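Here are a few notes to read alongside the model.

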Amino acid sequence: MKSKYIIGLVLVASTLSSCGDFLTRDPEDTVTDVPSFWDNESNIRTSVIDLYGDYFVGYNTSWNRSDFFAETNVADWNDDNAQQVATMFTKVAPSTADGIDATDPTSPWDFTNVTTINKLIAHVKASNLDSEAKKHWLGVTRFFRAMEYSRMVERFGDVPWYSTAPSSTDYDQLYKARDPRTTVMDSVLADLQYAAKNVRIDDGNQGLYVNRDVVEAFASRLLLFEGTWQKYRENNTAEAAKYLEAAKTFAEDVISSGRYSLNSDYKALTTSLDLKGNPEMIMYRSYVEGVVMHSLMSFQNTEHEKSSPSKSLIDSYLSANGLPIHQTGNSEWKGDKWFADAMSNRDPRLYANIDTTDLALNGVANVYAISGYFANRFVNESLKTLPGGMSNTNITDAPIMKLNEVLMNDIEACAELASLGKYTLTQADFDRTINVLRDRPSTHMPHVTLTGSNLSVNGTVINDPDRDQTVSPILWEIRRERRVELVYEGLRYNDLRRWGKLDYADMQKNPNVNLGAWIDKDRYVAWYNSKHPGKEITVSTLSSVHLDRDGNAGYIKPISDASLMRTVSDKDYLYPIPTNEITLYQQHGKTLTQNPGW
């Protein structure tokens, strides 16, 4: 039976939320102001759980979207999906925080959570808990502070660092200048290190509460972001090495603990009714019928996919022999001029991500995909015709943090450190990470072997002609593995940003983002009619399927007008500061600087 504990319930911690200018203060009459309240672990736990909904969104709730798959900025600002209407980057700095990203469930430039968490930290410090309990809860609350500040730094770069909640009348603190991101991230690192040392390994409800493994797994993600950002965006190799080394240490702590192993079925990670006991889950969000439900499966099951897998994504999947599809001499690649050929002999993770029975074409399929490729990674086939599979009452559990990501964080940190001369890659690094993923029974892909400055499979050096020549062959393959293993989990946008590769999301610079499957309309019509007697179609049935060239054969091209394609500029790497916040600072005689280019 699924646990009745649901991450994100609105509990007592809501009394910590506050108001006034852009920071907040406690209500004057609330039980949390009674010091003895904080001497009880249950009370602290209840207060902390209210933060879960902001940081462990999972599939969200009801009809609300999350960053899984599509239809939010974070989900769409990358190269995984072709789109009927491009999700554009912000063009002009908005006046308010809500204008930055209307799809984000949290306000991007908002210090309410910082204030709430700092007050929680202060309450725990002042409590009469025993030493072990106090250290645990300080670790948990400092972990959340690290999560919040990492998110703010990822978006805005430099931000004001608050280690305590300032008074609502202390304008020097309320309107303090932005601190350098390295100053903030050093404080984040200190919070994560404290939490990793003091948070309990087991705090009950495995996978649902923050424990030491959750801390270290997220730390590997957050610090990998910062390490690679420092390398590629700031050109600061010393800072890059510091954060990458920390990311590697945290990841390897989780791996070496032996508490987690890969689930045998890759697709079950995103389609299971209950993830309790799944050996790969470090943290998940539980959904229970009639209590908390979602609609992600319904989005992929019942709605036309106006954002659907791009040629860029499909081409990134290797052949079953472990070679890139376009590599010279790859005899398993049959070409992509017929759907069945393109799907033949491919990495099985591709089959877990899209419907391989047929193209889902506008004018033909009941539920079409704009690229022709129909994504179904979150669809549980046994549930899709039931009410829960066609409404906002889905109860499949959502993975929040898994071992597979930690493995990918580890190998990438190792390779990046090696590129900085701070580490020597060995075969053991790949055997501990990528080769473990490839041994998953449902994946079963050939092992990679470290061969000098390259990787090889079964004695053949991987030489991808599509490789970005500014990226080393080893990093290129690591990034490919990360993409296909973690596809549609809301990570790709930040990956492109931290690598300095946001141009991959530019539809003019990277045309494969705006392309889908190849279709020969005449051949397809003949094939379709042979399979569906009495339901024949004609070429004119496919008139709404636009191609990238004249005639009846070509790659599906959803957007033809170049002016409607998404483009990327350097300023898009950071979010703009809302102009009203800059004005607020000025009104108090302070200066809040805008990000470059805005």
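Is Glu280 buried or exposed? Glu280 counts as buried, at 0% relative accessibility. Keep in mind that this is a predicted model.

1. Glu280 has a charged partner. Its side chain meets that of Arg440 in a salt bridge, with N to O at 2.7 Å. Arg440 sits in the loop between helix 17 (434–438) and strand 5 (449–451), while Glu280 is in the loop between helix 10 and strand 2 (281–285), so the bridge ties together parts 160 residues apart in sequence. Arg440 is buried too, with a relative accessible area of 1%.

2. That pair belongs to a wider group. A network of salt bridges links Glu280 and Arg440 with Asp347, Arg349, Arg438, Glu481 and Glu485.

3. Next, look at Arg377 and Glu489. Their closest N and O atoms are 3.0 Å apart, in a salt bridge. Arg377 comes from the loop between helix 14 (348–351) and strand 4 (398–402), and Glu489 from the loop between helix 18 (473–485) and helix 19 (492–498), so parts 112 residues apart in sequence are tied together. Both residues, Arg377 and Glu489, are buried.

4. Asp213 and Arg259 also form a salt bridge, at 2.9 Å from N to O. Asp213 is in helix 8 (residues 212–232) and Arg259 in the loop between helix 9 (237–257) and helix 10 (268–271), 46 residues apart.

5. For the overall tally, the count comes to 44 salt bridges.

How values were computed. Residues numbered from 1 in each chain as written. Predicted model: local features only at pLDDT ≥ 70, side-chain atom pairs only at ≥ 80, totals over all residues. Heavy atoms only, no water. Salt bridge = Lys/Arg side-chain N within 4 Å of Asp/Glu carboxyl O. Helix = DSSP H or I, 4+ residues; strand = E, 2+ residues; numbered from the N terminus. Buried < 20%, exposed > 50% of the residue type's maximum accessible area, 1.4 Å probe, protein only.
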